[in-house]
Amino acid sequence: MTKPPRKPSRPLLGDAEAPLRGRPRRRRDPAQSQLLLNPMPVRIDPCLALLKPRPPKGRQWAFEVKWDGYRLAIHIEPKSVRILTSGGHDWTDRFPAIAAAAKRLPVSTAILDGEAVVFDELGRSDFGRLQQSLGGRGGKRTSWESVLMVFDLLYLDGHDLTGAEFTARRHLLEGIVPAGGEEAIRLSEEIEADGETLLRIACEHGLEGIIAKDRNGTYRSGRLGDWIKIKCVQSDGFMIVGYEKSTSSFGGIGRLLLAARKGGELVYVGGVGTGFNERSAAELRTQMDKLIIGKSPVDTGRKRNAVFVRPELIAEIEYRAWTRDGKLRHPSYKGLREVQDNAAVYQLE
């Protein structure tokens, strides 16, 4: 007599209609008990673009406009939204329009990667206007006019997407944030053009530059070459080490004295006397006068009417090139970078 098959000690499913559950990668957060797969990361370090002089060639590269603002990650959960800077600081309260738009997106949980910008009259992102909307460096003002140009999707409804290729992440993102929107969260659209043509057009329109992204690349934190930035003009962070007084300039600032890093030291790279308006110069002078010291922290040569400050303020400087003696050529002040924005000082080779 044939014996009936032994009844399994634990059925595969207690209920035929119950969903299959995947094994989590790590211990679940009790606050996320309803997620079926991967718990939402508390934070993901951003993928950073590597600076190159020319655009890459080949069909594997997708191109977008380079936005000039603050890098943000938007964490959307069933009952809350968090807005984190690239340095991991919570700035949710400072971008209320972006937070409100995030709550209206058709997702339960998600992490969006993008850049908060403020546009000028011609529709170009303007870093100075963004800073003014936030009350300047160290300000606590909320920016209602900021718009998040979102360009990547790292997590969606229980699924970690950082291991998926860029093309797949973009496909899912476009289903959440459609092109052509006018909300405070908008899609940074891929532009169908070869890199050289797009860069030329971007520069003709006064944009900062373009970004190239490997369509097959996963999302890897750091500056590893999966994303490449090509700028129309150079723009980097430099340490302010002092200023020269002037009775005829905004804020009494004739020139800012700037330094870059070389190994573990600061090296003087010249001064900048353009790019200020009355408001930005006054705010900058207030910040610098709190940091006055008796002796320059770097060798600036002989300077008349110079005031030296502790090297704590990082200025974003736009410039065309370097002179033969290692100074910035045609520099222009754009604003102060925030520590929360992972501000970095230019590193000399």
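## Charges over rings

A charge sits over a ring if NZ of Lys or CZ of Arg is within 6 Å of the ring centre and within 35 degrees of the ring normal. In this predicted model, Arg94 lies over the face of Trp91, at 4.5 Å from the ring centre. Lys213 places its charged end over the ring of Trp227, 3.9 Å from the centre.

## Basis and confidence

The model is predicted: local features need pLDDT of at least 70, side-chain atom pairs count only at pLDDT 80 or more, and totals for chains, interfaces and linings use all residues. Residues are numbered from 1 along each chain as its sequence is written, and side-chain values use heavy atoms, with hydrogens and water left out.

The average pLDDT (the predictor's confidence in each residue, from 0 to 100) is 87 for the protein. A score of at least 70 is reached by 87% of the residues. Residues 1-25 have pLDDT below 50. Beyond near neighbours in sequence, that stretch has ten contacts (heavy atoms within 4.5 Å) in the model. Where pLDDT is low, predicted coordinates should not be read in detail.

## Disulfide

A search of the whole structure finds one disulfide, meaning a pair of cysteine sulfur atoms within 2.5 Å. The bond joins Cys203 to Cys232, S to S 2.1 Å. The link of Cys203 and Cys232 is left-handed, with -100° about the S-S bond. Cys203 lies in helix α4 (residues 195-204) and Cys232 in the loop between β10 (227-231) and β11 (234-245), so the pair ties together parts 29 residues apart in sequence. Helices (H or I, at least four residues) and strands (E, at least two) are DSSP runs, numbered from the N terminus.

Burial is set by relative accessible area: buried under 20%, exposed over 50%, partly exposed in between (1.4 Å probe, protein chains only). Cys203 is partly exposed at 33%. Cys232 is partly exposed at 24%. Cys47 is buried at 2%.

## Aromatic pairs

Rings of Phe, Tyr and Trp (its six-membered ring) pair if their centres lie within 6.5 Å; planes under 30 degrees apart count as stacked, over 60 as edge-to-face and the rest as tilted. The count comes to twelve aromatic pairs. For Trp322 and Tyr346, the ring centres are 5.4 Å apart and the planes at 35°, so the pair is tilted. Trp322 lies in strand β17 (residues 321-322) and Tyr346 in the segment after β19 (332-336), so parts 24 residues apart in sequence are tied together. Trp322 is partly exposed, at 25%. Tyr346 is partly exposed, at 25%.

Ring pairs also link Tyr70, Trp91, Phe95 and Phe127 into a cluster.
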